[in-house]
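Here is a short report on one protein model. Please look over the sequence and the fold before reading on.

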Amino acid sequence: MSDLQINTSQDAAISWTCRHTWKRSSINTLWCLLGCSIGDFGTILFFQLNEIPFPMLGIMTLAIINGLITSIVLETIILSRQMNLRAAFSTATGMSLISMISMEVAMNTVDVIFAGGVLVLWVIPFMLLAGFITPLPYNYYRLKKYNLACH
């Protein structure tokens, strides 16, 4: 077996070289990143601009929760063009929480390490890059193995 394949429980190999799947999982991840970053950045910025005395861990936890919520809302809006609103919401809430949580944790970890939890312009590209790269292999794997996409 090459180093670009992994064994699964069904003894089938997953190829990590499919350009089509990488492209589709990248687009799905970008949509998720957009939704997550709206809630995440908005929360951090709200506390920062209003100078609310709140522990950094608390702010980051709220940022993660709000990022998950805005991602689900954005996904529901996108899917409502293809299906009724109830089905769209159900699909959106069924997205991979593993992917979204890993994205959020990666973004906030970068912010804390490089900017001390303060949202500054120069750290945002690094946060977005970490938020994109972290869940991408999982999203690829999920799409390849189960043909399940977040978006």
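## Nonpolar core

The model is predicted. Its largest nonpolar core has 27 residues. Those with the most contacts inside this core are Phe41, Ile44, Met100, Met103, Met107, Leu119 and Met127. Four helices each supply at least two core residues: α1 (19-50), α2, α4 (97-115) and α5 (124-133).

Phe41 shows how such contacts reach along the chain. Leaving out residues up to four places away in sequence, Phe41 touches Met107, Leu119, Ile124, Met127 and Leu128. In soluble globular proteins, nonpolar side chains tend to be buried together.

## Ser71, a buried serine

Ser71 lies in helix α2, which spans residues 56-79. Is Ser71 buried or exposed? Ser71 counts as buried because its relative accessibility is 1%, under the 20% cut-off.

Beyond its neighbours within four places in sequence, Ser71 is in contact with Cys32, Gly35, Cys36, Met95 and Met100. Met100 is also among the core residues with the most contacts. Ser71 and Met100 are 29 residues apart in sequence. In space, their C-alpha atoms are 8.3 Å apart.

## Nonpolar surface patch

Helix α2 gives the largest share of the patch, five residues.

## Cysteines

How many disulfides are there? The count comes to zero. Cys32 is in no disulfide. The nearest cysteine sulfur to Cys32 is that of Cys36, 4.0 Å away. That separation is not within the 2.5 Å cut-off, so the pair is not counted as a disulfide.

Cys32 is buried, with a relative accessible area of 1%. Both Cys32 and Cys36 are in contact with Ser71. Cys18 is partly exposed, at 22% relative accessibility.

## Glu51 in the loop

Glu51 is found in the loop between α1 and α2. Its phi is positive, about 50°, although Glu51 is not a glycine. Glu51 counts as exposed because its relative accessibility is 68%, over the 50% cut-off.

Note on methods
Residues are numbered from 1 along each chain as its sequence is written. This is a predicted model: local features need pLDDT of at least 70, side-chain atom pairs count only at pLDDT 80 or more; totals for chains, interfaces and linings use all residues. Side-chain values use heavy atoms; hydrogens and water are left out. Buried means under 20% relative accessible area, exposed over 50%, partly exposed in between (1.4 Å probe, protein chains only). Contact means heavy atoms within 4.5 Å. A nonpolar core is a set of buried Ala, Val, Leu, Ile, Met, Phe, Trp, Tyr and Cys residues joined through side-chain atoms within 4.5 Å.
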